[in-house]
2 protein chains.
Amino acid sequence: MKAGNKTTGARLRIVLKPGVAIGPGKADILAGIRETGSIAAAGRRMGMSYKRAWTLVEAMNTFFDEPMVETSRGGNARGGASLTPTGEKVLDSYRHMESLTNKAIGKEMTKLRTALPNISNRK
Amino acid sequence: MKAGNKTTGARLRIVLKPGVAIGPGKADILAGIRETGSIAAAGRRMGMSYKRAWTLVEAMNTFFDEPMVETSRGGNARGGASLTPTGEKVLDSYRHMESLTNKAIGKEMTKLRTALPNISNRK
């Protein structure tokens, strides 16, 4: 099961150009970094390995001419991470689009659930 | 690069219950079966192996108490496939939600593209 399939509802992926996309996983990592100041902590609360979290961040940092996440090794031993203005913009915009989407399709989602046969217990 | 990331814009995944989701790939397979009457042909036009197309169809057929795709071996040697009323409902509803989403987030997408630094040529 994909990580993003654990709760019901809509999942949005925004493709900005071929190969450059932001979806629920990258958005959650950005939000985690904003809230915890750490890539490791952001990954941990998603049940993700440090390596996987780093790989996502490294991918995001090649999307634009400016990085989305910056890391610093000063201050304390394990360093820290924060969003750049570009990272903030992308995350805020993604959350806004998620909310617009859920509002737009809410009625149709309810209609579809009602119209469908029972969801099988085999899943 | 994920298959769904080849063209720009929004990709929608609808999670009906944990583990039961429909996204662009499954929707395209359903549409292909509706149009070609064949799982193999539907997969081929997506550049997907027959095995992969069958795996997606088999997964979809366990979602509900009724299948979404039915196959028949009568009539001609290679048999054929078609959508059940449940398959038709899910596909139509998914396409409708896609269209509602694109309409809802269009302005924000344009705003985001304008606000971002250049998309890197490294991707």
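Chain A of this predicted model has an average pLDDT of 87, and 85% of its residues score at least 70. pLDDT is the predictor's confidence in each residue, on a scale from 0 to 100. For the complex, the predictor gives an ipTM of 0.82 and a pTM of 0.85.

Residues are numbered from 1 along each chain as its sequence is written, and chains are lettered from A in the order in which they are written. Local features need pLDDT of at least 70, side-chain atom pairs count only at pLDDT 80 or more, and totals for chains, interfaces and linings use all residues, while side-chain values use heavy atoms, without hydrogens and water.

Now the interface. Contact means heavy atoms within 4.5 Å. Buried area is the accessible area (1.4 Å probe) that two parts lose on being put together, summed over both.

| Interface of chain A and chain B | Value |
|---|---|
| Residues of chain A in contact with chain B | 48 residues |
| Residues of chain B in contact with chain A | 49 residues |
| Buried area | about 4,700 Å² |

On the side of chain A that touches chain B, helix 4 supplies the largest share, 15 residues. Helices (H or I, at least four residues) and strands (E, at least two) are DSSP runs, numbered from the N terminus.

Strand 1 of chain A pairs with strand 1 (residues 9-17) of chain B, antiparallel, over 7 bridges. Two strands pair if DSSP finds at least two bridges between them. A:Leu12 has B:Leu12 as its bridge partner.

What about salt bridges? Each is a side-chain nitrogen of Lys or Arg within 4 Å of a carboxyl oxygen of Asp or Glu. A:Glu98 and A:Arg95 form a salt bridge (3.1 Å, N to O). They are about one helical turn apart, because they lie 3 residues apart in helix 4 of chain A.
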